Amino acid sequence: MFSASKRREEEKQKRAEGRLPPGQSLTQKFPVLHYGPVPSVDLSTWDLKFFGEVESPLTLNWEQFNQLPRTKLNMDLHCVTRWSMFDSEWEGVTLQTILDEGLLKIKPEAKYVLQHAEHGYTTNLPLEVMLQENFLFATHYDGKPLTPEHGYPLRGVIGAIKGQEELKTPYLWKGAKWIRGVEFLTQDQEGFWEQAGYHNQADIWKEQRTKSRFF
Ligand SMILES: Nc1nc2c(c(=O)[nH]1)N[C@H]1C(S)=C(S)[C@@H](COP(=O)(O)O)O[C@H]1N2
Ligand SMILES: [Mo]
C-alpha cells in the first residue's frame, strides 16, 4: 500500500477507536517543534530545580535524577499544529514518584506549576494535572535517550493514555523540552505560548487551541 493511503487507513482506525481529537490528523513521523535554538547541555553541570511553594527547594543533579524509580508510559501525543502521534513509548520519572520518595514536600497552598526550560521557555499546568499519570519527566523516547531536538536530556511530556479518558489531556506544548525548573505557585501564571494567546487549559477534546476563535 502507498504510505499516504496507509496513513489515512491508520487515521480512520484511530478515529473509530475514539482516539483522534477533533481537528487533528495522524502523523507517522515524530515532528520537531519548538521556538528558538536547540540548547547544548553538559550533564556534569545540569540540574533540575523544584522551587516556589515547597517546604524546602530541591535540586537534583543528573546522577541523582537517574537514581529515581522509573515509569514507562504509552501515550498519544497531540500538537496544537494538528498532528497526532499514537502509541509513543516514553520512560522517565513522575512528579508523584518524587513526592513518594520523600524528596519534596509541596505546600498545601500550591495549586499551579510552571515548567522552566533552557532559553526561557515556560509552560503552566494545574498541580493536579502534573500529578496525573500522563505527565512524565522523560529521559527516553522509544527506548532510547532523547535526541537533542526532542529535549535531551530531560523534557516534560503529556499525552493521552488509551482507556484512561478521565485524565485531563492538553496539547503537547504543555510539556517543556530541556526542562530545568519546576516552580510551584498559589496563583496560575501563564507560560510562553499561553501569553501569546494559546488557550490556558488547552484540552485536546474540547479543541481549546487559542483563547480567541479569531486568533
Ligand atoms: N523548551 C521548549 N519546549 C517545548 C517547546 C518549545 O518551544 N521550547 N514547544 C512545545 C511544542 S509547541 C510542542 S508541539 C512540543 C514538540 O515536541 P517535539 O519537538 O519533541 O515534537 O514541544 C513543546 N515543548
Ligand atoms: Mo505544539
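Two strands are said to pair if DSSP finds at least two bridges between them. Strands (E, at least two residues) are DSSP runs, numbered from the N terminus. The structure is a predicted model, in which local features need pLDDT of at least 70, side-chain atom pairs count only at pLDDT 80 or more, and totals for chains, interfaces and linings use all residues. Residues are numbered from 1 along each chain as its sequence is written, chains are lettered from A and ligands numbered from 1 in the order in which they are written, and side-chain values use heavy atoms, with hydrogens and water left out.

**Exercise 1. Determine which residue of strand 11 is the bridge partner of F50, and describe the sheet.**

Step 1. Strand 2 (residues 47-52) and strand 11 (residues 179-185) run parallel and are joined by 4 bridges.

Step 2. Within strand 11, V182 is the bridge partner of F50.

Step 3. The open sheet has 5 strands in the order 3-2-11-6-7, and its pairing is mixed. Strand 3 (58-61) and strand 7 (122-126) are at the edges with a single partner strand each, so one side of each has no neighbour in the sheet.

**Exercise 2. State which residues come nearest to ligand 1, and how much of the accessible area of ligand 1 the protein covers.**

Step 1. There are 19 residues around ligand 1 (one heavy atom within 4 Å). Those that come nearest are P31, Y35, H150, R155 and K177.

Step 2. Consider polar contacts, that is, pairs of N or O atoms within 3.5 Å. A polar backbone atom of P31 is 2.7 Å from an oxygen atom of ligand 1. For G175, a backbone N or O atom lies 2.8 Å from a nitrogen atom of the ligand.

Step 3. On its own, ligand 1 has 530 Å² of accessible area (Shrake-Rupley method, 1.4 Å probe), of which the protein covers 99%.

**Exercise 3. Identify the cis peptide bond ending at P153 and locate P153.**

Step 1. Most peptide bonds are trans.

Step 2. The bond from Y152 to P153 is cis, with omega near 5°.

Step 3. P153 belongs to the loop between strand 9 (144-145) and strand 10 (155-158).

How values were computed
A polar contact is a pair of N or O atoms within 3.5 Å; within protein, one must be able to donate a hydrogen and the other to accept it, and residues adjacent in sequence count only if both atoms are side-chain atoms.
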